[in-house]
Each structure stands twice: as C-alpha cells, then as structure tokens.
Amino acid sequence: MRRAVALRFQAALATAAIAAAIGVVLPAIQASAATGSATGYATSNGGTTGGAGGQTVRATTGTAIHAALCSRASTSTPITIQVEGTINHGNTSKVSGTSCNTADGLIELKQISNVTIIGVGNGAVFDQLGIHIREASNIIIQNVTVRNVKKSGSPISNGGDAISMESGVRNIWVDHVTLEASGGESEGFDGLFDMKDNTQYVTLSYSILRNSGRGGLIGSSESDLSNGFITFHHNLYENIDSRTPLLRGGIAHIYNNSYVNLHESGINSRAGGRAKVENNYFKDSKDVLGTFYTSEAGYWQVGGNIFDNVTWSSPGSENNPAGPNPVSNTTVSIPYSYSLDGAGCVPAIVAQTAGANKGLQVSNGNCTPQTPTPTPTTPTPSATPTPSTTPTSGGTNLSIGAGSDGSSKADGTSYGNVRDGNLSTYWSPVGSTGDISIKWSSAKTVSRIIIREASGSAGAIGSWQVTNGGTGAVLATGSGAGAITFAPTSLSKITFKITSSTGTPRVAEFETYAG
C-alpha cells in the first residue's frame with residue numbers, strides 16, 4: 001500500500017510547485033496577525049492568539065524566519081511572520097539569539113510563545129523541511145504547504161514529520177494548511193501531524209493531509225498518555241494508509257472531516273483514548289474507526305457520520321473495528337461551542353475551504369463558505385477560563401483546604417494565595433525562579449494540575465518541573481502555564497518548580513486534581 005501511495009502522488013507532485021514571488025501587494029485579508037479566530041480545544045486554557053498585537057515582518061527564506069524570531073525582545077514577545085516563497089534546506093540556517101533556539105534544516109519553534117506564521121501573496125511552501133514545535137505555547141500556523149519531509153534518505157528534516165509538537169506544548173492552532181508526502185515509511189516519510197510528550201489544547205482545521213503512509217498521532221507509545229484535548233474539523237484526509245489520527249490516551253474531538261481512500265485503518269483510538277466522532281464523511285476506505293494493532297482498548301462516541309463504501313475487518317486479539325454498524329462505547333463532554341455541518345455536505349464544503357491558498361474561507365455552519373473576520377488582538381471571553389475551583393473538564397480542586405509552602409516569596413505575596421480560589425491574589429518568588437508546593441496531611445492521588453497566572457503576567461512562566469515533593473521524582477516537565485497531566489501518583493506534597501521565566505512569574509492558582 002505504501003508504494004501505491006508514492007505512485008499515486010507522482011502526478012500530483014508535478015503540479016504542486018509554487019514559485020517565490022517578491023514584492024507582491026498583500027490583500028487586506030492577509031495583513032492581519034491571522035484571519036479568523038481559533039476554534040476547538042485551542043480556545044481553551046486561555047485561548048490561542050499567536051502573534052496578535054505584535055510586530056509583523058516578512059520572510060522569504062527559512063533563515064529570515066529564524067532571524068525574525070531571534071530579533072524579538074524576549075522569547076514571548078508577540079510576532080507575526082508573513083511567509084512567501086519556497087522555504088528549503090538551502091535557505092534555512094540556524095540563527096542565534098537570546099529570544100530563540102533555532103536549528104539548521106527545520107523551522108524550529110522551541111522554548112518560545114506568541115508567534116504566528118502565515119503564508120501570504122503567492123503562497124508559502126516548506127519543501128522537504130518540517131516545522132517543529134517544542135516546549136512552546138500560543139502558536140498559530142496558517143495558510144502554508146509543508147511537503148515531502150523525510151526521516152531517511154536525503155535531505156532529512158524533523159524526524160520525517162511535516163508538523164510535529166512535543167515536550168509540554170500548549171495552545172496550537174494549525175489552520176488552512178496542506179501537508180503532503182509521497183509515500184510511507186519505506187520511502188523515508190513519517191507522520192504529517194504528530195503530537196507527543198505532553199502536548200495539549202491543539203486544533204487542526206480546514207487543512208489537507210494526503211499521500212502519506214501516516215496521517216498523524218497523539219502519543220508516541222502506549223506509555224505516552226499525557227497528550228490530549230485535540231480538535232480536528234473540516235479537514236481532508238486523502239490517500240492515507242493509517243493514523244487519521246492514532247490516539248493514545250487523552251481526548252480528541254473529530255467532526256466534519258472528509259476521509260477518502262484510507263487503505264489500512266483510520267481513526268485509531270487505543271490505550272484508553274476517547275474520541276468524539278461526529279458528522280464526518282468516510283468514502284472508499286477500510287476500518288475507518290476502532291482500536292487497531294494493539295490489545296489496549298480505546299473508546300469512541302459516534303453520531304451523524306456517513307460511511308460510503310467502507311469495508312470492515314473481522315475482530316481479532318489486536319483489532320477491534322467499530323463497524324460495520326458503529327455504536328458509542330463512551331461519552332465525551334466538549335467544553336466549547338461549535339456548529340456542525342450536516343455530514344452529507346462535508347465533502348463539498350471541505351473541498352471548497354480546506355488547504356492552503358483557498359482564501360482562508362470557512363463554513364458558516366450551513367455548508368456555505370464564508371470569509372472570516374481578522375483575529376482580535378485579545379482572546380474572546382469564551383476562550384478565557386472562568387475563575388473557579390473546578391476546571392471546565394470537571395473534578396474537585398484538591399488544593400482547596402490543603403497546605404502550601406515553597407521557596408522565598410516576594411514582598412506582599414503568600415504561599416496560601418495559590419490555593420484560595422481567588423485569581424486576584426498570587427504567589428511570586430524572589431527573582432525569576434522558585435518553587436511552590438501544595439501539601440496534605442494524608443496522601444492524595446493526583447494526575448493533573450492547573451497553573452493559572454495572575455492578570456498582567458500571562459506568559460511570564462518559562463520552563464518548569466512538576467515533582468513529587470516527598471521523593472523528588474520528576475512527574476512532568478515543560479514550559480508555560482496551563483493544564484499539566486502525568487501518570488496518577490499517590491503523594492502528600494506536589495511541587496511546581498519554575499526554572500526559567502521572562503519577567504516576574506506570578507502564580508495565582510495552583511490547582512490539583514485526581515483526574
């Protein structure tokens with residue numbers, strides 16, 4: 001099958017090249033930080049606004065993209081980078097600076113925040129060059145093509161992934177992009193859209209993923225279960241062998257996508273993963289939903305989907321197809337509002353709107369394309385968590401009524417301020433680093449925390465560690481505030497240790513949850 005993917009792609013590849021164009025006057029729609037507002041889970045955890053409100057620069061090479069990142073005042077200074085032309089190995093070099101951490105041979109968005117990369121003019125093509133997001137937050141990638149990224153052969157980039165995210169990544173919106181390969185693993189390619197090692201609050205919308213052995217994954221192994229809260233909507237998956245996506249643990253919301261020619265399997269929910277799968281259109285495909293290639297079961301909630309010429313395998317010890325008559329085996333609560341197009345019109349509306357260079361059009365919820373308004377410079381009210389002792393995903397905040405301590409605190413702040421349910425009070429360390437702990441008189445099982453920053457200091461927290469305060473064992477690492485998940489751990493003290501920051505970090509709430 002993977003060789004067939006490569007052969008089918010050759011004709012399309014011949015017409016896919018986009019030449020660089022310099023000096024083109026931008027349409028007004030392309031002059032904003034991004035067009036439209038983030039949707040899905042990218043609106044949670046404080047929202048995703050990218051470089052809104054910051055400087056806008058133009059780049060026609062990968063080196064220029066790196067230079068723009070490195071020229072900022074800090075790693076969190078907002079910036080929008082408008083890209084035009086072909087970005088490749090020949091024009092992408094490492095650039096050094098205090099506000100960046102770049103590398104040769106890939107676009108590296110590492111240990112940074114508040115960035116938008118948007119294709120403009122005659123288009124932006126990342127040719128054999130992947131986009132790597134690591135220890136980063138609040139990133140928007142819009143209106144670009146990424147193609148033929150290889151992990152073997154020559155040249156190689158980004159482990160063979162078109163776009164990948166790993167290590168404490170939060171709040172990413174990828175919209176109106178085209179991700180394509182020309183074969184499977186045997187031809188040197190890997191995933192088109194991969195998330196691993198504690199990546200959360202991501203939306204992939206109005207995009208095309210095609211001609212690849214692997215669409216993408218959430219979790220790199222059965223033990224990498226710290227990822228989740230991912231939305232896929234109005235995307236086209238075409239001529240893919242498997243992983244559309246592969247979900248290990250976590251939660252995914254998958255709606256209004258068009259799937260055509262999935263050769264081996266499609267949505268693969270396993271290892272406790274839970275997927276809400278609604279109003280999608282599956283055509284000329286095999287085993288489009290279920291648990292495959294493992295005995296570790298996953299779960300799904302289904303509704304409104306259309307299965308057009310879909311074939312199903314018989315169940316086995318490591319295969320549990322959801323069909324031929326898929327029914328729900330779990331329920332998934334979605335914390336944000338959204339509009340569903342009827343599944344019958346999904347192929348048509350996706351064909352009109354998905355992918356780069358389609359005018360950034362979206363559906364109006366009634367199967368009709370429309371042009372969205374520019375992104376506001378601040379998150380919409382619905383994208384901001386409501387101050388509460390209970391997060392939108394449910395559960396009891398175990399910090400209420402607990403004790404707290406930590407490293408030396410700045411004047412006028414208190415350890416107790418992080419467990420009082422009041423976002424207007426906070427703890428701040430002396431200097432740019434420090435640690436704060438929640439503790440109990442008897443052991444509690446904790447698998448999730450939420451770090452909420454005080455008003456006016458959002459984005460100040462850089463890298464961090466979460467440790468078992470009793471044993472010193474590291475439970476999670478990453479960067480930026482927000483929700484952090486890890487394997488359920490019984491402990492009587494949990495510590496959030498800030499190891500780097502921009503400005504003065506201020507922790508308004510340190511919430512702890514059993515699940």
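## Exercises on disulfides, salt bridges and buried residues

Cys70 and Cys100 are joined by a disulfide, with an S to S distance of 1.9 Å. The structure is a predicted model, in which local features need pLDDT of at least 70 and side-chain atom pairs count only at pLDDT 80 or more, while totals for chains, interfaces and linings use all residues. Residues are numbered from 1 along each chain as its sequence is written, and side-chain values use heavy atoms, with hydrogens and water left out.

### Exercise 1: the disulfides

Solution. Helices (H or I, at least four residues) and strands (E, at least two) are DSSP runs, numbered from the N terminus. Cys70 is buried at a relative accessible area of 13%, and Cys100 is buried with a value of 13%, where buried means under 20% relative accessible area, exposed over 50%, and partly exposed in between (1.4 Å probe, protein chains only).

Next take Cys345 and Cys367, which form a disulfide with their sulfur atoms 1.7 Å apart. With -55 degrees about the S-S bond, the link of Cys345 and Cys367 is left-handed. This pair also links distant parts of the chain, 22 residues apart, with Cys345 in the loop between β26 (319-321) and α3 and Cys367 in the loop between β27 and β28. Cys367 counts as partly exposed, its relative accessibility being 25%. Counting bonded cysteines along the chain, the pattern is 1-2, 3-4.

### Exercise 2: the surroundings of Ser99

Task: decide whether Ser99 is buried or exposed, and find which backbone oxygen atoms its side chain reaches.

Solution. Locate Ser99 in the loop between β2 (79-87) and β3 (107-110). Ser99 has a relative accessible area of 0%, and therefore counts as buried. Its side chain reaches the backbone oxygen of Leu69 at 2.9 Å, and a polar atom of that side chain lies 3.1 Å from the backbone oxygen of Cys70. Leaving aside neighbours within four places in sequence, the residues in contact with Ser99 (heavy atoms within 4.5 Å) include Leu69, Cys70, Arg72 and Ile112.

### Exercise 3: charged side chains

Task: examine the salt bridges of Arg147 and Arg270, and then explain what is found at Glu278.

Solution. A salt bridge is a side-chain nitrogen of Lys or Arg within 4 Å of a carboxyl oxygen of Asp or Glu, and by this rule the count comes to 14. Arg147 forms one with Asp127, the closest N and O atoms being 3.1 Å apart. Arg147 lies in strand β7 (residues 145-147) and Asp127 in strand β4 (residues 113-127), so the pair ties together parts that are 20 residues apart in sequence. Both Arg147 and Asp127 are buried.

Arg270 and Glu222 meet in a salt bridge at 3.4 Å, N to O. Arg270 is buried at 8% relative accessibility, whereas Glu222 is partly exposed at 27%.

Glu278, in strand β21 (residues 274-278), is buried yet has no salt bridge, the nearest side chain of opposite charge being Lys276, 4.3 Å away. For charge, Lys and Arg count as positive and Asp and Glu as negative, while His and the chain ends are not counted.

Technical notes
A polar contact is a pair of N or O atoms within 3.5 Å; within protein, one must be able to donate a hydrogen and the other to accept it, and residues adjacent in sequence count only if both atoms are side-chain atoms. A disulfide is a pair of cysteine sulfur atoms within 2.5 Å.
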